[in-house]
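Dear colleague,

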Amino acid sequence: MNKKFLVFFSILLVFSMFLTACSGGKKTGGETATGPEKTEEKPEVPQDLRININTEPPSLHPGLAKDSTSGTVLRQTFEGLTRINAEGKAEDAAAEKIAVSDDQKVYTFTLRDAVWSNDDPVTAKDFEYAWKWALDPENQSEYAYQLYYIKGARAANAEGGSLDEVGVKALDEKTLEVTLENPTPYFLELTAFYTYLPINSKVAEANPNWANDAGDNYTSNGPFVMTEWSHSDKILLKKNEKYWDAKTVKLNTIEMVMINDSNTELSMFENGELDWAGSPNGNLPTDAMQTLKDEGRLTTQPIAGVYNYKFNTTVEPFNNVNIRKAFAHAINRQEIIDNIAQGEQLPAMAIVPPSMFPDNEKGFFSDNDVEKAKEYLQKGLEELGYKDVSEFPAVTLSFNTLELHQKIAQAVQDMWKQNLGVEVTLDNQEWAVYIDKLHSLDYQIGRLGWLGDFNDAINFLELYRDADGGNNDTGWESKEFQDLLAKSSLEADHEKRQQLLKDAEAVFMEDMPVAPIYFYTNNWIQNESLKGVAVSGLGDVQYKWAYFE
C-alpha cells in the first residue's frame, strides 16, 4: 500500500472513531447528549471458595458441637447475639442493641429484624430455647459448662436444679434478658461462641433430629446456609440471601472437603483444586514446611492454643503424680518443633498460652530435663510398689489420625524409651471415634489440643474444674484448684483475678494431669487472589468478609 495513502487512511480512521465517540457510541465515563455513560466493567471473578476441613464434624448442632471442625462450619452458618469481627473484637450481630446493668450482672439484648433460612423470624425464644436445651442434662451437652456464667445454669445442668430458674428469659419476641451469677467482663465474647448460638425452636421442637443432615430442617441464621452434607466427604455452603447483612457477604459458595491426608491437601492446592492449605482447618505436610518458608509462601501466625498429652489419672501407673511428671519432663519439645512441627511453635511447660500469661514463655519446668524425669520416675516406682518399669502395665499412647500426630507420637515414644526405659505402644483412630474414646476415659495417654474459645485464661483452666466435666478427659480434680477458680469469678480487680488464675495454674501444673507439648501457631498457604479471610488470635476462621479479587 502507498505510504501516503496509509497515512491518510489512518487519519481518517481516527477521525471516524472520534465522531463515533461524540455521537454516543462506546462510552468511557462522564455525560453525553444521549445520557450518562457506563464505566467499562471488569470480568466478574467467581466467588467460590474451596477448603479442606480435614474430617467429618462430629455434630453441627450448636448445643452438641465440641470441636474445632464443627465450630468452623457453625461460625459460617449461624450467628449469635454477638460476632467476633475481623479485628478480633465482639460486635453486635443478632442483637442490634445491648444494655448492661450498673452491677454488670444483667444484660438486655434487643434483637434486630432477622429471619431463619426458612423465613421464620429469629426470636428471643430461640436463644432461650437453645441455651436451656444445652443445659438440660438429658441432652448431654459437653460444652454446657460454658453457660455456667448464667445465674442458675450450673445448678440446672449438674446439681438437679430447675431450668425455669436459669437466668435467661425472653421478655418478648425481640428482647432477651440474661442474668449472670457474677460480673463477667468477657461475656460478650462468650455470646459469639457456638454453645451460645440460637436454634430455631419451632423446627427443633417439631423434629429433634433437625441437625443430623442438610435439608429443609437444617435452618440457620448466619451468612451462609448448608445445602449439602455428604458425610465423611464434603459440605457445601451457599450465601444466605436472607441474612440481615447479606450485602457484606461476597462469596457465593464454600465447598468444604474432608481430606485427612496433608500430602493430598497440599497436592490439591498446587493443582488448583483448593484455595487454601494448612491451618486452621487443615494441615500441611511437615516435610514441605521448610520449602514453603524458603519460597516465601508460608504464613505463620501465633494463636492461643496448646498441644497436649493428657493422662488418664484414674488408671495405673498414671494415677501417680510422680510418674506423670517423669513422662512430662522426659520430652524434648524443642526437638519436636525443630524437626517435626517446623511451624515456629513455642515449647509449652505451662497450660495457659503466653498471649494471656507472658511468664508462660518460660513455664513451670525445664524442657527435656531428663535427670529430673528419672528422679520422678524412681519416686513413682517406689510409691506404686514397682521394682522397675518392667512391672508397669502396658503403656499406650493414643492419637487421632494425622501425619503430624503420628510423627510426634513416634518421637515421644523413642524419648520415653531412651530416657525412662519404658516401652510404649502407639494407637490411633479417626477423629469422631477418638474423641469419644478420650471423653469416656478409654485410654492411658492421649493427644488433644485446646484452642481458646475466648480471650481469657479461665478458658484453659475451667475445663479441668470437675473430673466429669465435658472436656476434662483426665479424671483429675482438685478442691484447691476449684476454690481458686471460684474466687477468681468473684474478684472484680483485674490484677488480683489474674493472680488467682495463675495460682490455679500452678496447682494444676504441680499435679500434672496433662503434659503440654507446644503452644500452637497457624501455618498456611492460600490463593493469592483470596482476600478478607479472618483468622483470629484464637485460631478460628470466618469467611463472612472473604472474597476473590
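This is a predicted model: local features need pLDDT of at least 70, side-chain atom pairs count only at pLDDT 80 or more; totals for chains, interfaces and linings use all residues.

Residues are numbered from 1 along each chain as its sequence is written, and side-chain values use heavy atoms, with hydrogens and water left out.

Helix α15 spans residues 479-490; helices are DSSP runs of H or I with at least four residues, numbered from the N terminus. Its twelve residues reach 17 Å from the first C-alpha to the last, close to the 16 Å expected at 1.5 Å a residue (1.5 Å times one less than the number of residues). At its N-terminal end, α15 is capped by S478, a side-chain oxygen of which lies 3.4 Å from the backbone nitrogen of E480.

F481, Q482, L484, L485 and S488 are the buried residues of α15 (buried means under 20% relative accessible area, exposed over 50%, with a 1.4 Å probe and protein chains only). Seen down the axis of α15, these residues fall within an arc of 165°, so they line one face of the helix; the arc is that of the directions from the helix axis to the C-beta atoms. They pack against α14 (458-461) and α16 (494-511). The face turned away from the buried side carries the exposed residues K479, E480, K487 and L490.

A144 lies in the loop between α3 (124-135) and α4 (153-158). A144 is buried, with a relative accessible area of 1%. Leaving aside residues up to four places away in sequence, A144 touches A134, L135 and N157 (heavy atoms within 4.5 Å).

With kind regards

Key: Helices (H or I, at least four residues) and strands (E, at least two) are DSSP runs, numbered from the N terminus. A polar contact is a pair of N or O atoms within 3.5 Å; within protein, one must be able to donate a hydrogen and the other to accept it, and residues adjacent in sequence count only if both atoms are side-chain atoms.
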